[in-house]
There are 2 protein chains.
Amino acid sequence: MSVTIHDVAHQARVSASTVSRAFTTPEMVRTSTRERVLRVADEVGYTPNRAARGLITGKTANIGLIVPDLGNPLFPAILKGAQARALLADHAVFLADTDENPDLEVNLIKAMVKQVDGIVLCSSRMSESQLRGVLNLTDLTFLNRKVSGVPVVLIDSADGMRQAVEHLAALGHKKAAYLSGPPTSWSNRERRKGLRAAARTTGVECVELGPFAPKFEAGLQAADLVLATDVTAVLAFNDLIALGVLNRLADRGVAVPDEMSVIGFDDIAFAAMCTPPLTTVFTPKESAGRAAVELLLDWLDKKSLGHTGGTQRTLGTQLIVRSSTAPPPPVSAGSVGRA
Amino acid sequence: MSVTIHDVAHQARVSASTVSRAFTTPEMVRTSTRERVLRVADEVGYTPNRAARGLITGKTANIGLIVPDLGNPLFPAILKGAQARALLADHAVFLADTDENPDLEVNLIKAMVKQVDGIVLCSSRMSESQLRGVLNLTDLTFLNRKVSGVPVVLIDSADGMRQAVEHLAALGHKKAAYLSGPPTSWSNRERRKGLRAAARTTGVECVELGPFAPKFEAGLQAADLVLATDVTAVLAFNDLIALGVLNRLADRGVAVPDEMSVIGFDDIAFAAMCTPPLTTVFTPKESAGRAAVELLLDWLDKKSLGHTGGTQRTLGTQLIVRSSTAPPPPVSAGSVGRA
DNA sequence: CAAGTTTCTGCAAAGGATTGCAGTGTGCTG
DNA sequence: CAGCACACTGCAATCCTTTGCAGAAACTTG
């Protein structure tokens, strides 16, 4: 079928061992021999079979990456960073999409385990007990979920939320709504935490609506709930929801930002492309993907010398002010145009 | 390290062969034995090592998927479909992003070859000669690129373009611009073909601008070029470019659709979310991903009995009329508001 | 030139699973 | 009760590489 190490060995009149060494420990084989071997290998198009190699070395040079939903642009961005970083280290990546389903997540992990050196879990939706069940199956690294004893990369959502609330406060808003995301999401918990803290210090009153699925359609639904309250600003769990809100508000004839301010989260590419361009909190998506892979790889390297305990890397966020936020309307006009 | 077939064999007081058979050919092992083996396997958490299995069976139960750019929402959508279909067949997927770079594409293919049963190439940007070089490395299936002798799934872009041009003609447009995509893209060639044919039959004059990278930023750039012509409508290679055009036109104070009609291609999720909602040609992205995997898997199945020649599946498209298209402005107003 | 190093190279085992072939045990038949 | 067939199960080879160990070759040195 395909060309093996023995084919090369035979052609080059050496043993398989020598061919192997010519690739993995070149300094162990005489220059002239090595050159001949490599030339033959190149001629016949030989590349080592990684599965076979992995069998003996215990390293597959593959990593897994699991995301909740590729339909959310956040994840392709993370994935892109992760893939690029893995490529640098000459690793390939297995991808799986759980469709926001924790049980599927567990199964996908189990299926992957044997073919990878470790797995990056993005915004894992697993319960604590499910998590414990998979934790010792392989080396795991978490993105946007806090787990002790293993590498995690976190995006400082709480601080991003602080920036957003302070922005609203500075504009003069007194009352805002938070559209909550998935209850099992660490990011959502952090964002709420940041929200509550900032609400206290700034004096902005915050009501919480939801939870909502992190999707555009949920935003459409949320918008009407928002209009049923007397808030002048909305903070969405993510941009997708914010975009939905924007759309529904336009349909309902509510002007953004004049009658209602809207803030998203993540700064997906489309936040800048919609009308009005969305004020949102930038999160370093590709960097996060890169960082997660890097941490995982470092962790695996250090594994031989006993572990020093889980590493943690926290990435900053930055409010991007665009055109979906403005001072609140004068109080008398606050209820104009609503049902 | 991890639990092997021998651990199970030992625990269950049988040989490794029996454990193997309990999984792969259950009817060959006595019911009572099989149950005991499976129970033990479950208890110790054994799952067969696919790499080892692949070594002997010659099948890895993995497939590769290569895309030009995860930043284009088209590809995550395809990917999602592909991944879901692969999962159904109990296959895992390797993902790679080529960043629109053909040389990298070749290298990524070579790196993957040994770990997969076949690869799906999405909108491959490789040259003909590069393509010939990789064609016999493994089983390849192409998405949106015509290659003879192997399975391909095509999206009928030409017909989508026909629908778009006829739509413009029906609205009364006389002259339109096509913003061309990557020259190496099969889709772009098809779209141009469809455009030219429809231009002839409808009498709409079509000028071609570009080529442009299939990105938002290129659309910003293209918009000004469009305004320098006297067209009343723009057909973009894809939605990303169209969205850029929309944005730049808004900045330039050109009203869409009143002063200029804009049509995109692909119907990515955000086409419906922007303002005005974009008239665009829907392409079945997830279905295409599913179909590509399906064709590949079928192809692999049939491989044992000699091949019957490449299969080809063509998927239809559908113009989605939203709010970015309208009849052209009256002639006198045609140049109002332009530089 | 003999002896001792050093440098290369090959043999063979290992890694986890599958599978053809042969052996064990059971049940049936005559 | 002997003899046979049949249903299970185990042995051992195999897939492709890597790697410890030992032998061969080349080179130094006295």
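This is a predicted model: local features need pLDDT of at least 70, side-chain atom pairs count only at pLDDT 80 or more; totals for chains, interfaces and linings use all residues.

Begin in chain B, and color the strands. Six of them make an open sheet, running in the order E7-E6-E8-E9-E10-E12, and the pairing is mixed. Now pick out residues 205-209 and 318-320 of chain B: these are strands E7 and E12, and they stand at the edges of the sheet. Each has a single partner strand, so one side of each is left without a neighbour in the sheet. If you look across the strands, you'll see that neighbours are turned against each other by 20 degrees on average, ignoring direction.

Next, select residues 175-179 and 233-236 of chain B. These are strands E6 and E8, which pair in the parallel sense over four bridges. For one spot along that pairing, show Leu179(B): across from it, in E8(B), stands Ala236(B).

Time to move to chain A, starting with its domains. Color residues 5-48 as domain 1, 57-154 together with 285-314 as domain 2, and 157-283 together with 320-335 as domain 3. How far apart are the C-alpha centres of domain 1 and domain 2 of chain A? They lie 35 Å apart.

Stay in chain A and bring up the strands. Here too there is an open sheet of six strands, ordered E7-E6-E8-E9-E10-E12, with mixed pairing. Its edge strands are E7 (205-209) and E12 (318-320) of chain A, each pairing on one side only. From one strand to the next, the twist averages 20 degrees.

For a pair inside this sheet, select 261-266 and 279-282 of chain A. These strands, E9 and E10, pair in the parallel sense over four bridges. Show Gly264(A) and look for its bridge partner in E10(A), which is Thr280(A). Then select 157-171 of chain A, helix H8, which packs on the sheet and touches E6 (175-179), E8 (233-236), E9, E10 and E12. The direction of this helix makes about 165 degrees with that of E9(A).

How many cavities of 30 Å³ or more does a search of the whole structure find? There are four. To find it, show Leu74(B), Phe75(B), Ser123(B), Arg125(B) and Phe237(B), the closest to its centre of the 14 residues in its lining. Helices H5 (74-88) and H9 (186-202) of chain B each give two or more residues to that lining. By class, the lining holds four nonpolar, six polar and four charged residues. Domain 2 and domain 3 of chain B both contribute to the lining, so this cavity lies between them.

Finish at the second largest cavity, which holds about 90 Å³ of space. Select Leu74(A), Phe75(A), Ser123(A), Arg125(A) and Phe237(A): of its 13 lining residues, these lie nearest the centre. Four lining residues are nonpolar, six polar and three charged. Domain 2 and domain 3 of chain A both give residues to this lining, so the cavity lies between them.

Note on methods
Residues are numbered from 1 along each chain as its sequence is written. Chains are lettered from A and ligands numbered from 1 in the order in which they are written. Side-chain values use heavy atoms; hydrogens and water are left out. Two strands pair if DSSP finds at least two bridges between them. Axes are lines fitted to C-alpha atoms, for helices over the stretch in contact, and angles run from 0 to 180 degrees between N-to-C directions. On a 1 Å grid over the protein atoms alone, a cavity is a set of points where a 1.4 Å probe fits but cannot get out, and a pocket is an open set with protein on both sides within 12 Å along at least five of seven lines; lining residues have an atom within 4 Å of a point. Grid points are joined across faces, edges and corners, and a volume is the space filled by probe spheres set on the points. Ala, Val, Leu, Ile, Met, Phe, Trp, Tyr, Cys and Pro count as nonpolar, Asp, Glu, Lys and Arg as charged, and the others, Gly among them, as polar. Domain bounds come from an automatic or database domain assignment. Contact means heavy atoms within 4.5 Å.
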